[in-house]
Amino acid sequence: MTAVSGFFKSPNYPKHYPNGQYCFWKIIVNTTQQVHLVFKSFSLQIERFTDELRVYDGVDETGEVLGVFYGGHPPPKEGIYSSSSQVFLIFKSDKNDSYTGFSASYSVGNKTGKFY
């Protein structure tokens, strides 16, 4: 995704996501900007190491981990701020149980912290 704002969601949202999923999203904006992610809804398995969403500051999973989120540890209400112009997200679900997943949006801002 390269627009100044956007929306993405887990597979089948708001219905339950399928088991055995591996999905990723890349957000790449102008190099002078940062990304702000906000999760409007978030419902995954409660237990760690089951279904999870990983958020990286960078173009792929070699970037700094901004968070590993699951039902018992959801993303912060105020959202997640990148320090770079790129964010990479991976959603994985195991073969047991599924929930409604998530819906999220992003917007961009400049490196002074002003977001649009």
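Guide: Welcome! Contact here means heavy atoms within 4.5 Å. Please keep in mind that this is a predicted model.

Visitor: Leaving aside neighbours within four places in sequence, which residues is Leu 37 in contact with?

Guide: Leu 37 is listed with those that have the most contacts inside the largest nonpolar core. Setting aside neighbours within four places in sequence, its partners are Phe 8, Ile 27, Val 55, Gly 79, Ile 80, Val 87, Leu 89, Ser 105 and Tyr 106.

Visitor: Which residues form the covered face of strand 2?

Guide: Side chains in a regular strand alternate between the two faces of the sheet. In strand 2, the uncovered face has Tyr 22, Phe 24, Lys 26 and Ile 28, while the covered face has Cys 23, Trp 25 and Ile 27.

Visitor: What stands opposite Phe 24 in strand 7?

Guide: Strand 2 pairs with strand 7 in the antiparallel sense, over seven bridges. Across from Phe 24 stands Ile 90.

Visitor: Is Glu 52 buried or exposed?

Guide: Glu 52 is found in strand 4, and its side chain has a polar contact of 2.6 Å with that of Arg 54. Buried means under 20% relative accessible area. Glu 52 has 7% relative accessibility, so it counts as buried.

Technical notes. Residues numbered from 1 in each chain as written. Predicted model: local features only at pLDDT ≥ 70, side-chain atom pairs only at ≥ 80, totals over all residues. Heavy atoms only, no water. Helix = DSSP H or I, 4+ residues; strand = E, 2+ residues; numbered from the N terminus. Buried < 20%, exposed > 50% of the residue type's maximum accessible area, 1.4 Å probe, protein only. Polar contact = N/O pair within 3.5 Å; in protein donor to acceptor, adjacent residues only side chain to side chain. Pairing = 2+ DSSP bridges. Core = buried A, V, L, I, M, F, W, Y, C linked by side-chain atoms within 4.5 Å.
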